[in-house]
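Please open the model in your viewer and keep the sequence panel beside it, since the stops below move from a sheet to a pocket and then to a single side chain.

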Amino acid sequence: MSCHSKYVIKAETDLDVAVCKVKAEEKFLPFIDRPDDVVIHQRGKNNWKREVHDIIADNAEGRVQRIILGETFNLPGEWSSSPPHKHDGEHYPEELNLEEIYHYQANPKQGFGIQLHYTKDDSIDDAYIIRNGDSFAIDKGYHPVNAARGYQIYYLWFMAGEEGRTLKPYDDPDHKWVHSLN
C-alpha cells in the first residue's frame, strides 16, 4: 500500500494480517502482490537450508521508496541468516544500512527457536528464545536464527534504509567459509 493511503481489508476466510510500515516521502500507486509475483529462493545447504520468499524486493523497483519485505521458512533444526550476516552500513558501499524487523511464527505453535545477535566488538552478544508471535528489531549486528528440532520457524521480515533498497547482506568474515561446505 502506498504511503498516505487508506485501505480496507475484507476477509472471506481466516486471515492473519501484518502491517509493515517504513518511513517514506515518495508516493507511489497502490499495488497488490499476488502469489505469482512472489520470488521464491531455496537458500543454503546442509543444516542451513531455508526457503525465502521475496514479496517486495527487486520485483517492486519503481513501486516503493524504501521497504523490502519477505518471508523465511526454516526447516526444523535448521539455521537461517547463515552464515551470519548483517546490513548496518559499517562497510558502506559494499553493505547498505538497512534496519530490519523479524516477526516469528512456530509450527506447531508451542515450538521455539533461537535468535542470535552479535557485533564483532562484542557491544552486542545475545541469544534469545523466540516463540510464536514474537518480534525482533535489528538496527545493527549479525543475526542468525535456528529452529528447534521438530519445529518449523517462519518469520516475516522487512527492512528499510536511507541508501536504497538493494539487498546486499554482509557475511561475518569469520564464518563466510561455510559457503564452501558440501
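In what order do the four strands of the open sheet lie, and is their pairing parallel or antiparallel? The order is E4-E10-E7-E8, and the pairing is antiparallel. Before selecting them, note that this is a predicted model, in which local features need pLDDT of at least 70 and side-chain atom pairs count only at pLDDT 80 or more, whereas totals for chains, interfaces and linings use all residues. Residues are numbered from 1 along each chain as its sequence is written, and side-chain values use heavy atoms, with hydrogens and water left out.

**The whole chain**

Show the cartoon for the entire protein: there are twelve strands and zero helices, where strands (E, at least two residues) and helices (H or I, at least four residues) are DSSP runs numbered from the N terminus. Along the principal axes, the C-alpha atoms fill a box of roughly 45 × 40 × 30 Å. The radius of gyration, taken over C-alpha atoms, is 17 Å, which agrees with the value near 16 Å that a compact globule of 182 residues would have, the globule rule being 2.2 Å times the number of residues to the power 0.38. If you colour by accessibility, 40% of the 182 residues count as buried, a term that means under 20% relative accessible area, with exposed meaning over 50% and partly exposed in between (1.4 Å probe, protein chains only).

**The open sheet**

Now select E7 (residues 112-118) and E8 (residues 125-131), which run antiparallel and are joined by seven bridges; two strands count as paired if DSSP finds at least two bridges between them. They form a hairpin with six residues between them, and in the turn you can pick out aspartate 122, which has a positive phi of about 65°. Opposite phenylalanine 112 stands arginine 131 in E8.

Glycine 113 has alanine 147 in E10 as its bridge partner.

Next, select Arg43, Arg50, Ser81, His85 and Pro169, which lie nearest the centre of the second largest pocket among its 19 lining residues. A pocket here is an open set of points on a 1 Å grid over the protein atoms alone, where a 1.4 Å probe fits, with protein on both sides within 12 Å along at least five of seven lines, and lining residues have an atom within 4 Å of a point. Strands E2 (50-56), E6 (98-107) and E11 (152-161) each give two or more residues to this lining, and E11 gives the most, with three.

**Histidine 175**

Finally, go to histidine 175, in the segment after strand E12 (170-171). Is this residue buried, partly exposed or exposed? Histidine 175 counts as partly exposed, because its relative accessibility is 34%. Beyond its neighbours within four places in sequence, histidine 175 is in contact (heavy atoms within 4.5 Å) with Pro83, Pro84 and Tyr118. A distance drawn between the C-alpha atoms of histidine 175 and isoleucine 101, which lie 74 residues apart along the chain, comes to 23 Å.
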